[in-house]
Amino acid sequence: RMVAAVLAGLSLLSLLTCGYLAWGSRREAAGEAPGNLLGEEPAAGAPRSQPHIIFILADDQGFRDVGYHGSEIRTPTLDKLAAEGVKLENYYVQPMCTPSRSQLITGKYQIHTGLQHSIIRPTQPNCLPLDNVTLPQKLKEVGYSTHMVGKWHLGFYRRECMPTQRGFDSFFGSLLGSGDYYTHFKCDSPGICGYDLYENDNAAWDHDNGIYSTQMYTQKVQQILASHNPRKPIFLYIAYQAVHSPLQAPGRYFEHYRSINNINRRRYAAMLACLDEAINNVTLALKKYGYYENSIIIYSSDNGGQPMAGGSNWPLRGSKGTYWEGGIRAVGFVHSPLLKNKGFVCKELVHITDWFPTLITLAEGQIDEDIQLDGYDVWETISEGRRSPRVDILHNIDPIYTKAKNGSWAAGYGIWNTAIQSAIRVNHWKLLTGNPGYSDWVPPQAFSNAGPNRWHNERVSWSAGKTVWLFNITADPYERVDLSARHPDVVKQLLRRLSQFNKTAVPVRYPPKDPRSNPKLNGGVWGPWFKEDEKKKKSDKSKGANKQKKSKNKKKGN
């Protein structure tokens, strides 16, 4: 009897064990993470396996244009999310749309993708080079569902350049850099106009209901979250059109800003208020559908604000399109229940290229050894308050930007031609050469009049022919005291670093416009126009022509 009882007990135990293991294997087969079968929550601050990643990119938001930077524009959602997360107060992006987006999605500086000059224009046969591995592609490798909503602006002349061909499972948004918020039409020049709203690879005519794009994009995000399984990791890249020009907003968002006399600032404020509400709705959707507790929300502007279009970077110097701090130091924060330290300010150096390795590491992905990244994994810097692994930033080297008239190799101590537009940061020091762009400080009172009033701007008159500037950004974040004459040795060190970077640069990709890009030739839609078969025909013709030339040459030789 005792033996029988023992055998019965063992058989019961084996059944329970087998059942437990089978339950676990079924969960794994269904795509759920093994372990944690009894529903235990992970320790506070420790990410569950593969967090949901939500990256929100605002367009042309000025450094001052958030409540916690002292703006008169109310941003309660951004203020709350930042206060409960980590504010990035030494965070840098690029001065324009395409460069920031390319560096986010590849983890590489512009000089390493060929996009170091300006932006990708609608009529240019150009896009993010196809040999660059993208962030969504790497996340897909480790099981993420990847979705993009909003502005692409990384080129579309070939179908292979489209977001769905660069790693996104779905895409809903615009391909160009700007357009009407309601009609989604964009004119690049007189007579070159077209529709620019896409769902995956096709024009989204069905969605053309006159809905303001900020609200329309938010509705799409809510639909994606409602239909996805929150037990499976998702990467959601939300690149809002706001607050880029044209300055348009629904009427009700003007209510709190009637007192702003400057019409551009008033419209801009209404646009930002609508954007803040949209981000609140995205956050509520994350909570409603079960994503929030295992999510990482990153918020960033793509570049500085444009004062002539209502944006403010005060007290920073310069604006969008320049390498002064007002063009490249951005609003940014991370909000997540997975942060170890919450409610603090990170003053360590962080750059937009850092998101690529940081997010792939958090997603338990692998970074191939042959991918030479310019970004660093900064999660411990953000989450735990550790020192940043980053000590320098190449802001850019643009060899074809308008040369500074008085720049020379002599001014660069024989190390660097100071006619070339460039900017670099190493530790506390920042060096600029060439023509850095519009350099005024634009204080809040500049927006007090009905029209833009430059009389309120602060300017500094440099000595004629100046092409080198040096600042200690830690001590002088507003770039008011040029130290280049006082510290020539530091200037030389930074010029040598520029020269080292320049040796690794690839050729600039900035082709002339292609007349085949005209939307009139593409059903009234901006979209891919370069056909692979046309390229083959051309190459076949050229091969045929070469053969004929060779045969003629042979005859002549004979």
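**Entry 1: a cavity.** I looked up the lining of the second largest cavity in this predicted model. Lys151, Ser174, Leu176, Gly177, Ser178, Gly179, Asp180, His184, Asp196, Ser213, Tyr217 and Gln241 line it. I sorted these residues by class: two are nonpolar, seven polar and three charged. The space inside the second largest cavity is about 80 Å³. I also noted the count for the protein, which is five cavities of 30 Å³ or more.

**Entry 2: the overall picture.** I stepped back to the protein as a whole. It has 558 residues, and 54% of them count as buried. I find eleven helices and 18 strands. I then checked contacts with a separation of 6 or more, and 73% of them link residues 24 or more positions apart.

**Entry 3: helix α10.** I followed α10 from residue 488 to residue 502. This helix has 15 residues and reaches 21 Å from its first C-alpha to its last, close to the 21 Å expected. Which residues of α10 are buried? I list Val490, Val491, Leu494, Leu495, Leu498 and Phe501. Looking down the axis of α10, I see its buried residues within an arc of 135°, so they line one face of the helix. They pack against four strands: β15 (392–398), β16 (421–426), β17 (429–433) and β18 (468–472).

**Entry 4: Ile420.** I moved to the loop between β15 and β16, where Ile420 lies. Is Ile420 buried or exposed? Its relative accessible area is 16%, so Ile420 counts as buried, the cut-off being under 20%. Setting aside neighbours within four places in sequence, I find Ile420 in contact with Ile397, Asp398, Pro399, Lys403, Thr433 and Gly434. I also checked Leu432, twelve residues along the chain from Ile420; their C-alpha atoms are separated by 9.7 Å.

**Entry 5: positive phi.** I noted Asn427, which has a positive phi of about 55° although it is not a glycine. Asn427 sits in the loop between β16 and β17. Its relative accessible area is 44%, and Asn427 is partly exposed. Glu479 is not a glycine, yet has a positive phi of about 55°. I place Glu479 in the loop between β18 and α10. Glu479 is buried, with a relative accessible area of 0%.

**Entry 6: cis peptide bonds.** I looked at the peptide bond from Ala242 to Val243, which is cis with omega near 10°. Val243 belongs to the loop between β10 (234–239) and α6 (263–288). Ser245 and Pro246 are joined by a cis peptide bond, with omega about 5°. I find Pro246 in the loop between β10 and α6.

Definitions and conventions. Residues numbered from 1 in each chain as written. Predicted model: local features only at pLDDT ≥ 70, side-chain atom pairs only at ≥ 80, totals over all residues. Heavy atoms only, no water. 1 Å grid on protein atoms, 1.4 Å probe; cavity = no way out; pocket = protein on both sides within 12 Å on 5 of 7 lines; lining within 4 Å. Points joined across faces, edges and corners; volume = space filled by probe spheres on them. Nonpolar A, V, L, I, M, F, W, Y, C, P; charged D, E, K, R; others polar. Helix = DSSP H or I, 4+ residues; strand = E, 2+ residues; numbered from the N terminus. Expected span 1.5 Å × (residues − 1). Buried < 20%, exposed > 50% of the residue type's maximum accessible area, 1.4 Å probe, protein only. Arc of directions from axis to C-beta. Contact = heavy atoms within 4.5 Å.
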